[in-house]
Amino acid sequence: MENYILLDKTVALQRIKPIPENTHKGTQGHVMIVGGSYGKIGSVCLSAKACLKAGAGLVTAYVPKCGYEIVQTVVPEVMVLTDDYTDHITSVNHKLTLNAIGIGMGMGQNADVQQAMFHFLKMNTVPMVIDADGLNILSENKEWLEMLPKQTVLTPHLKELERLIGAWNSHSEMLEKVQSFSVAFNVVVIAKGAPTFIVYKTSVFENTTGNQALATAGSGDVLTGIVTGLLAQQYNPLDAAVLGVYLHGMTADIAAPEIGYHAFIASDIINYLGKAFLTLE
Ligand SMILES: NC(=O)C1=CN([C@@H]2O[C@H](COP(=O)(O)OP(=O)(O)OC[C@H]3O[C@@H](n4cnc5c(N)ncnc54)[C@H](OP(=O)(O)O)[C@@H]3O)[C@@H](O)[C@H]2O)[C@@H](O)CC1
Ligand SMILES: Nc1ncnc2c1ncn2[C@@H]1O[C@H](COP(=O)(O)OP(=O)(O)O)[C@@H](O)[C@H]1O
Ligand SMILES: [Mg+2]
């Protein structure tokens, strides 16, 4: 296949940039993480914390009212804006100057949330990562894909991918369908699985890091936070996706000999992220 690249340490090293000595939180990028609903605020906490740990300078979570105290308590470094509604998001109102937005985790898909997503997509020009219910809503409203800013990053697991592009009969057909989809809508697709593939138009990166320890609730939410955090630090969307996936997998590779596969949870991805970055120093 044309432009098929094994995503290993050499490829990651070509893309990582040092953090300038004289930077400050204002130049490290401001991210907004939009998502959550009653019972699923944890997904936003994981994503927002991962985003900070990936180096973003400022992170604001946009959650329904029920998420206010939860996010403030679980991740005090994160600022919080709340929707007018208690249990789910009904609009995405903010006056922030943002460098990247991650949207969709734990958000649900009811009619209010879909409306909020539609109005948000109509207005938004900030670089974006879309995950989980954000993707499921796009699958239900495929014409909205036209509204995405160019090179928006989509992070479907295989079931979410099937909802977006339809079923496939073979691995090669899956990759071809993702490539066509990427060309049609000018999006970067992170097709999450074991292994994960990053696809942008004709380019396909097959990730070499990660293991079964990542098969745990919230590990995708953490990936969205990492990629959004990199996007906010001036990485182009493809590089943010490539580096984010590599580092996310690396956390599990570093952790495996220390704590094994069973006990590793999504918060451990966040805990090991520093060590993963150090492998690229
Ligand atoms: N703490 C929190 O707040 C958390 C909140 N979360 C939030 O919950 C919401 C629902 O997210 P979700 O991914 O569980 O729902 P959904 O898309 O229906 O997928 C489920 C079905 O899809 C399949 N499937 C999944 N992965 C697959 C794979 N790799 N490869 C193949 N198939 C795969 C699998 O189907 P099966 O294989 O069982 O047939 C499974 O039954 C979402 O908003 C998310 O952000 C979570 O992040 C958890 C932590
Ligand atoms: N067996 C595995 N080997 C490698 N990576 C895995 C494995 N199982 C899951 N992952 C990774 O974990 C993440 C799961 O994402 P997702 O299904 O969205 O989780 P959640 O929605 O619970 O946050 C993906 O990045 C996927 O590649
Ligand atoms: Mg997910």
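Setting aside residues up to four places away in sequence, Gly106 touches Gly36, Ser37, Lys40, Ser43 and Asp133. The model is a predicted one. Gly106 sits in the loop that runs between strand E5 (100-103) and helix H4 (111-123). Its relative accessibility is 10%, so Gly106 counts as buried, the limit being under 20%.

**The site around ligand 1**

An unreviewed UniProt entry lists Gly106, His157 and Asp221 under "binding site". These residues span 116 positions in sequence, yet no two of their C-alpha atoms are more than 14.3 Å apart, so they gather at one spot. Gly106, His157 and Asp221 also belong to the lining of the largest pocket.

Asp221 is placed in helix H8 (residues 219-232). With 14% relative accessibility, Asp221 counts as buried. Beyond its neighbours within four places in sequence, Asp221 is in contact with Ser43, Leu46, Ser47, Met105 and Asp131.

Ligand 1 is surrounded by 15 residues, and the closest are Gly106, Asp133, His157, Arg163 and Asp221. A polar backbone atom of Gly106 lies 2.8 Å from an oxygen atom of ligand 1. For His157, an N or O atom of the side chain is 2.9 Å from an oxygen atom of ligand 1. Asp221 places a polar side-chain atom 2.8 Å from an oxygen atom of the ligand. The protein covers 53% of the 920 Å² of accessible area that ligand 1 has on its own. Helix H2 (42-53), helix H5 (132-140) and helix H6 (158-165) are the elements that give two or more residues to the shell around ligand 1. H6 gives the most, with 4 residues.

**The site around ligand 2**

A further "binding site" listing in UniProt, also from an unreviewed entry, names Lys192, Gly193, Ala194, Pro195, Thr196 and Gly220. They span 29 residues in sequence, but no two of their C-alpha atoms are more than 13.4 Å apart, so this set gathers at one spot. The lining of the largest pocket takes in Lys192, Gly193, Ala194, Pro195, Thr196 and Gly220.

Around ligand 2 there are 15 residues, of which Lys192, Gly193, Gly218, Gly220 and Asp221 are the closest. Asp221 is therefore named among the closest residues of ligand 2 as well as among those of ligand 1, and it counts as buried because its relative accessibility is 14%.

| Residue | Part of the residue | Atom of ligand 2 | Distance |
|---|---|---|---|
| Gly193 | backbone N or O | oxygen | 2.9 Å |
| Asn211 | polar backbone atom | nitrogen | 3.3 Å |
| Ser219 | side-chain N or O | oxygen | 3.0 Å |

Of the 570 Å² of accessible area that ligand 2 has on its own, the protein covers 75%.

**The loop between E8 and E9**

Lys192 lies in the loop between strand E8 (187-191) and strand E9 (197-200). Is Lys192 buried or exposed? At 12% relative accessibility, it counts as buried. Apart from neighbours within four places in sequence, Lys192 is in contact with Asp131, Thr155, Pro156, His157, Leu158, Gly220 and Leu223. One of these, Asp131, makes a polar contact through its side chain with the side chain of Lys192, at 3.4 Å.

Pro195 is also placed in the loop between E8 and E9. Its relative accessible area is 32%, so Pro195 is partly exposed. Not counting residues up to four places away in sequence, Pro195 touches Glu206 and Asn207.

**Backbone features**

Most peptide bonds are trans, and most residues other than glycine have a negative phi. The peptide bond from Ala194 to Pro195 is cis, with omega near 5°.

Lys201, which is not a glycine, has a positive phi of about 50°. It lies in the loop between E9 and strand E10 (203-207). Lys201 is partly exposed, with a relative accessible area of 32%.

Gln234 has a positive phi of about 75°, and it is not a glycine either. The loop that holds Gln234 is between H8 and helix H9 (237-259). At 57% relative accessibility, Gln234 counts as exposed.

Conventions:
Residues numbered from 1 in each chain as written. Chains lettered and ligands numbered in written order. Predicted model: local features only at pLDDT ≥ 70, side-chain atom pairs only at ≥ 80, totals over all residues. Heavy atoms only, no water. UniProt positions renumbered as here; feature names shortened; annotations may be inferred. 1 Å grid on protein atoms, 1.4 Å probe; cavity = no way out; pocket = protein on both sides within 12 Å on 5 of 7 lines; lining within 4 Å. Buried < 20%, exposed > 50% of the residue type's maximum accessible area, 1.4 Å probe, protein only. Contact = heavy atoms within 4.5 Å. Polar contact = N/O pair within 3.5 Å; in protein donor to acceptor, adjacent residues only side chain to side chain. Near = heavy atom within 4 Å. Areas by Shrake-Rupley, 256 points an atom, 1.4 Å probe, with all protein chains shown as cover.
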